[in-house]
Amino acid sequence: MNAHSSRSHAAYILTVVKHASGVKTTSSLYLVDLAGSERTAKSEAAGLNFDEAVAINSSLAVLGRVIYSLANPKNKIRPPFRESKLTRLLSNVFTYGARTVMVVCCSMSVDDVPETNSSLEFAKQAMNVKVREVKDEEIDYFALSVQLQIQLDAQSAAVQKDVVDKVALDGIAREKQALHSRVEQLEDYIKYQQRQLDAYRVAMTAAANELHSEMSDWTVHTGLPTSLAYGVVYQPQPEQ
């Protein structure tokens with residue numbers, strides 16, 4: 001230990017959440033700097049430094065038991081994750097389908113051989129932990145519902161457009177039918193007027209022929225020229 005040591009663990013966790021096609025994918029990156037174990041008898045720590053050293057050693061001891069239980073699954077020992085804040089924080093690193101890399105720093109000083117051996121034993125035990133990488137995916141029901149709602153709205157809009165187009169076409173067809181009926185009525189009326197005109201023309205021709213025949217007979221009986229006969233105005237005589 002040195003005077004500038006923080007005597008604490010440091011952890012940085014970055015979590016990325018991705019939403020795509022109704023699936024939620026979560027990924028986390030853990031960067032953890034573990035404080036080294038400290039022999040208080042050797043470091044002569046006292047007061048607050050002593051309390052910090054005890055807390056560090058305690059959390060590292062719990063971490064060692066967790067790694068031992070994970071490295072020896074046949075012993076069926078439940079990993080004591082809840083015995084320290086450090087192990088609770090790192091529980092996903094060892095059990096939640098993660099890819100874990102551990103770097104152990106050792107001292108080359110002869111005075112630190114016991115601590116170096118302890119660190120190497122700890123690393124050897126950690127190498128026996130089998131962690132299988134698993135992709136963390138789950139159905140994002142909210143995003144899926146939004147996507148389905150958008151599709152439903154698009155289909156509804158298409159159906160409404162088809163209905164409007166059909167109504168418009170039906171209206172045009174009804175209007176066309178009404179115009180066709182009106183044209184037929186007008187054609188029938190024109191034919192009726194034509195028949196009336198033909199009948200009137202026939203009647204007028206017959207009346208003219210009859211009048212001409214009567215005028216011819218009258219000129220024969222009176223002996224007047226035809227031109228004068230047509231100019232005479234008939235005036236009836238009063239009875240005697």
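The following exercises, each with a worked solution, concern a predicted model.

Residues are numbered from 1 along each chain as its sequence is written. In this predicted model, local features need pLDDT of at least 70 and side-chain atom pairs count only at pLDDT 80 or more, whereas totals for chains, interfaces and linings use all residues; side-chain values use heavy atoms, with hydrogens and water left out.

**Exercise 1.** State how many helices and strands the chain has, and give their order.

Solution. Elements are DSSP runs numbered from the N terminus: helices are H or I with at least four residues, strands E with at least two. The chain has seven helices and three strands. From the N terminus, the order is β-β-α-α-α-α-α-β-α-α.

**Exercise 2.** Describe the largest nonpolar core and the contacts of L63.

Solution. A nonpolar core joins buried Ala, Val, Leu, Ile, Met, Phe, Trp, Tyr and Cys residues through side-chain atoms within 4.5 Å; buried means under 20% relative accessible area, exposed over 50%, partly exposed in between (1.4 Å probe, protein chains only). The largest such core has 13 residues, and L63 is among those with the most contacts inside it. Two or more residues come from each of α2 (48–71) and α4 (91–95); α2 gives the largest share, six residues. Contact means heavy atoms within 4.5 Å. Leaving aside neighbours within four places in sequence, L63 is in contact with L34, L86, T87, F94 and F122.

**Exercise 3.** Determine whether L29 is buried, partly exposed or exposed, and name its strand.

Solution. L29 lies in strand β2. The relative accessible area of L29 is 43%, so L29 is partly exposed.
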